[in-house]
Each structure stands twice: as C-alpha cells, then as structure tokens.
Amino acid sequence: MPRSASAGDTGGAVSLRDAVLRSLNRYGIVMAYGLLIVAVAAQSDRFLTKQNWLNLLDQAAPLGLIAVGVTLCIIAGIFDLSTGAIFAVAAVTAAKVAAVDPWLGIAVGVGVGTLAGLLNAAVMLTTGINSFIGTLSTSIVFRGIALLTTSGLIVSVADADYKILGTRTFADAKLSAWIFAAVAVIGGLALARTTLGRSLYAIGGNAQAARLVGIRVGAVRTIAYAFSGTCAGLAGVLTSSRTGSAQADIGLGLELAAITAVVVGGTSIFGGEGAVWRTAVGVMLLQTIGNAFNLLGVDPTYKQVVQGILVLLAVSIDHFGQKRSFRTRGRKADD
C-alpha cells in the first residue's frame with residue numbers, strides 16, 4: 001500500500017512539472033515581456049510614450065514579417081535561412097522596377113520573394129538535403145543575384161509614390177505596422193483554424209506518421225517555404241519603400257534575428273509546436289530590449305549578449321520539455 005501511494009505521488013509530481021514546463025513554454029514570453037516593460041518604464045519616462053511605441057511597431061515590422069513566415073516553417077520541421085537574402089533581392093528588384101512604375105515595383109518585389117520561396121521548396125524536395133544546409137546554400141545564391149542586379153551600387157527611387165507604403169500612416173501608426181499585424185493574424189488563423197495549419201503541426205511532430213495518414217508532406221512544406229519567401233519579400237519591399245533605396249547587403253543577419261524571435265517566443269525548434277502570436281511577442285521583446293538600451297544609454301554591444309542568453313534559455317526549456325515528453329510517452333507505452 002505505501003508503495004502504491006508513493007508511485008501515485010511520483011506521478012503527480014511528474015504531471016505538475018510537465019504542467020509548469022508547458023506553461024513556461026507557452027506563456028513565459030508574456031511574463032518576461034511584462035517584467036521588461038515594468039522594469040524599463042521605471043527607469044525611463046519616455047518609454048511608455050505613444051510616439052515611442054509607434055516607433056517600436058514600425059521598426060519591428062520587417063523583422064516581424066520574416067518571423068511570421070519562419071514560424072510556419074519551423075512548426076513544419078524545416079528551416080529557412082535564406083530569408084535575409086530574399087529580403088535583399090526583393091528590395092533591390094522592387095527598387096529597380098519602381099523606376100518604371102512604383103506600384104509595379106512593389107508587386108514584383110513581393111512576387112520575387114514568393115518565387116524564391118518556391119525555388120527553396122523545389123531544391124529541398126528534389127535533392128532531399130537538409131533544409132538548414134539547403135537554405136543556407138540558396139541564401140548565398142540569392143545574395144549573389146542581388147549583388148549582380150545592383151553591381152554593388154545603391155539603387156535609389158525618385159518617385160514619391162514608391163515611398164507611400166513605407167512612410168504613410170493610418171490611425172497614427174505606419175502602414176508597415178498594420179501590414180505586419182495583418183500578416184500575423186492571417187498566419188495565426190491559418191495555423192489555428194485550417195486544415196493546412198493542422199497539417200503543419202502534424203508534419204513537424206512526425207513527418208512519416210503524417211505521410212502515412214495521407215498528408216501531402218511535400219505540398220504542405222512547399223506552401224510553408226512560399227509563405228516564408230513572400231513574407232521576406234514583403235519585408236524587403238517595405239524597407240526599400242521607407243528609405244527610397246536598396247542595396248545588395250541589406251538584411252544581413254535578419255534570418256538569424258527572425259529565428260531568435262521565433263525560438264524566444266516559445267516555438268519548438270524540434271517542430272510540431274508553436275504559435276504566431278508568441279512569435280509576435282518575441283519580436284516585440286527583442287525590439288524593446290534594443291529600444292530600452294537606447295533610452296537608458298546602455299552600450300548596444302550588450303544587446304547581443306542578452307539576446308544570446310534568451311535564446312539559450314528558450315532552447316534549454318524546449319529541449320528539457322521534449323526529453324520529459326519522450327520519457328512520459330515511453331512510460332505509457334510500457335504500461
């Protein structure tokens with residue numbers, strides 16, 4: 001009898017630990033962001049001002065757009081390390097075409113992003129190579145195309161209409177912020193409410209099992225790559241529209257920043273688990289850290305250290321949770 005009670009207690013403790021880990025994974029980002037806001041607000045009177053937050057949203061939009069696309073990829077069990085290069089090639093292409101017609105330039109820039117995403121999918125599915133290595137390779141190709149397109153020069157756009165998308169405001173917020181919000185809502189609803197979303201989660205959890213139940217793994221991952229490319233292309237066009245110029249070396253490191261935001265937001269690096277809203281909070285957390293450093297006069301070099309620590313914590317929690325999940329499933333199988 002005492003043995004049975006002890007076993008029951010252990011099972012309860014395990015369940016409690018699992019529940020705590022799940023809560024940390026799902027809502028830890030919200031708690032961390034709330035604490036950050038309180039801490040910075042206590043140190044700076046300018047932090048909670050309307051203008052500061054409008055600037056934060058505008059600055060977060062390009063990274064946020066890329067991160068939304070990357071979220072769908074990681075949930076599906078694949079990586080896209082080419083988003084920074086797609087961002088650049090879309091921006092320079094849009095700027096080049098905008099010399100003829102500004103709105104055509106915007107459309108072509110976004111289309112180039114979609115095409116690059118489809119090319120990623122074609123390469124990964126045809127060769128069967130790991131997406132991490134594959135998209136790292138295609139990123140070099142895309143960056144090279146951007147360099148060839150510009151001959152290493154800055155492409156400037158004189159037409160004021162081209163700058164509307166990146167500079168015009170609606171209800172005090174820049175259009176870029178509204179576009180980021182719209183894409184995040186679309187991505188979130190697609191994941192939570194559609195067959196595509198359920199398929200992405202299933203493939204990320206176990207691609208072979210998903211294939212056995214009739215899910216077209218290749219087609220679903222192609223959609224994820226295309227969506228990621230479209231988001232990166234749109235982000236590049238927005239940035240180019242804001243400044244009225246573009247060059248081949250813009251967007252360096254954006255792909256890693258996007259993955260950082262996704263992982264810090266609680267999306268599992270192993271695939272099969274995550275949410276767009278948490279990615280959005282992760283993006284805002286990273287942007288707020290940079291904003292806080294500026295307002296408080298802290299050396300921005302430390303920003304990378306803080307972000308690195310956040311990623312390490314997020315991945316560690318995710319890894320520990322995965323290990324416990326495997327152990328729990330193993331015990332259930334034995335029973």
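Begin by selecting helix α3 (residues 83-98) together with helix α10 (residues 217-243), whose axes come within 7 Å and cross at roughly 50°; the axes are lines fitted to C-alpha atoms over the stretch in contact, with angles running from 0 to 180 degrees between N-to-C directions, and helices are DSSP runs (H or I, at least four residues) numbered from the N terminus. This is a predicted model, in which local features need pLDDT of at least 70 and side-chain atom pairs count only at pLDDT 80 or more, while totals for chains, interfaces and linings use all residues. Residues are numbered from 1 along each chain as its sequence is written, and side-chain values use heavy atoms, with hydrogens and water left out.

The pair α3 and α10 is therefore oblique, the term for angles left over once those under 35 degrees (roughly parallel), over 145 (roughly antiparallel) and 65 to 115 (roughly perpendicular) are set aside. Next, show the side of α3 that includes Ile86, Phe87 and Ala90, which belong to the contact (heavy atoms within 4.5 Å) with α10 residues, among them Gly229, Ala232 and Gly236. By class, this contact of α3 with α10 has 9 nonpolar, 7 polar and no charged residues, where Ala, Val, Leu, Ile, Met, Phe, Trp, Tyr, Cys and Pro count as nonpolar, Asp, Glu, Lys and Arg as charged, and the others, Gly among them, as polar.

Then move to helix α2 (residues 50-75) and helix α12 (residues 276-296), whose axes come within 8 Å and cross at roughly 140°, which makes α2 oblique to α12. Residues to select in this contact include Trp53, Leu56 and Leu63 of α2, and Val283, Met284 and Gln287 of α12.

Definitions and conventions
Helices (H or I, at least four residues) and strands (E, at least two) are DSSP runs, numbered from the N terminus.
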